[in-house]
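Please look over the sequence and the model below.

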Amino acid sequence: MTLCSDLSLETKGQRRAASVFGKLNFCIPKMCFHQSKQTIGMADGVSGESEESSAIDSGIYARKLMPCCVANRMIDVKYEAARDVNEEATSEFDNLKLVSGCFYLPKKSESRPLGQDAHFHFQTKRTIGVADGVTGRSERSVAIDSGIYARELMNNCVAKLGRKPDGAAVNPKRVLRTAHYKTESKGSSTACVVSLNGTRLCYANVGDSGFLVFRSNRSVYTSTVKQRRFNHPYQLNNSGRRVMEFDDIADEGEFEVEAGDVVVLGTDGLLDNLFAHEIEDILEKQISCETPHMHPQQIAVAIGVAAEVNSRNDLYKSPFSMAAGLAGFECVGGKYDDITVIVARIESSH
């Protein structure tokens, strides 16, 4: 079958091009190139150049040119097929979504009224994150407010996510790495970024921020604290070694989740002042039979207020004081600190 068979051929060059195109179409299935791709092509070897030298036959050039067009089109077809596969892979993300709410309570400070925590929740990207400017470094120099660093770090995470199409898979470690490299403010910070990819909750964590996953109001997963020693968490900063160190100190992983699970993400102001079983009790009260669809924002407030109360209790045996005891330090009571809580409920998109 040739597409050119119905044409009136007037010149030798046209007949030659038509024969090339005819052979091309004969070798390729009809639906593979012509109709399914809605593309036709023709090549005409320049006869003048062929006639000047018997050694030069531009028809050979034309015959090679057309298969190259087909080859390139086949590459396009393969690319489109791969893209379709990727779209199908990301379509599963539509089965589950994150509905999130947040709570932030900075500790009182005249010099740093905004505190040193920062956070974001990007619901269309199914991604949430927190950062905690490391207090120790800030206190060594009044000129350095690590809260500024933490806020820029989170802003850079949002900028990175904003360039991705909705529904595309998110690699939290890659997001955090890019944000880290682009952060120019002085200071340092811990950070944790969590993203829902299909039924997998993927995360990247540096330091002692972290998250817990609750199913039927019971803790089923807790992220790992990353620190050099007690109360000295790994941290991101803009020193000259940051590129080399990031992959060494960033922890990443994933956990299978399902609709109805609740993710509680927070800085150490939360995790140092509330045990998992205390959060379970709060979830039991907040997500009751009377209020099964309590918004995550209200739950985040309840958890954050409970953490703040414990942080001021000098007699409370807190997670922080217990960890201090295991490390050989005497410590009783909560740890007064900035408190950031993000609660994200995993729901069916349908």
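## Basis

This is a predicted model.

Strand β5 covers residues 200-206. Of its 7 residues, 6 are buried, so the rest of the structure largely encloses β5.

β5 pairs with strand β4, residues 188-197, in the antiparallel sense. The pairing runs over 7 bridges. In this pairing, V206 of β5 stands opposite A191. The two strands form a hairpin, with 2 residues between β4 and β5. G198 sits in the turn and has a positive phi of about 70°.

β5 also pairs with strand β11, residues 251-256. This pairing is antiparallel too, over 6 bridges. Here C202 stands opposite E254 in β11.

## Cysteines

How many disulfides does the structure hold? The number is 0.

Is C157 buried or exposed? C157 has 0% relative accessibility, so it counts as buried; the cut-off for buried is under 20%. C331 has 29% relative accessibility and therefore counts as partly exposed.

## Helices α10 and α11

Two packed helices are described by the angle between their axes and the distance between the axes. Helix α10 (residues 276-286) packs on helix α11 (residues 296-311) at an angle of about 140°. Their axes are 10 Å apart. The angle makes α10 oblique to α11; roughly antiparallel would need an angle over 145 degrees.

The crossing of α10 past α11 is right-handed. α10 makes the contact through E278, I279, I282, L283 and Q286. From α11 come Q298, I299, A302, I303, A306 and N310.

Notes
Residues are numbered from 1 along each chain as its sequence is written. This is a predicted model: local features need pLDDT of at least 70, side-chain atom pairs count only at pLDDT 80 or more; totals for chains, interfaces and linings use all residues. Side-chain values use heavy atoms; hydrogens and water are left out. Buried means under 20% relative accessible area, exposed over 50%, partly exposed in between (1.4 Å probe, protein chains only). Helices (H or I, at least four residues) and strands (E, at least two) are DSSP runs, numbered from the N terminus. Two strands pair if DSSP finds at least two bridges between them. A disulfide is a pair of cysteine sulfur atoms within 2.5 Å. Axes are lines fitted to C-alpha atoms, for helices over the stretch in contact, and angles run from 0 to 180 degrees between N-to-C directions. Angles under 35 degrees count as roughly parallel, over 145 as roughly antiparallel, 65 to 115 as roughly perpendicular and the rest as oblique. A crossing is left-handed if the near helix is turned anticlockwise from the far one by less than a right angle, and right-handed if clockwise. Contact means heavy atoms within 4.5 Å.
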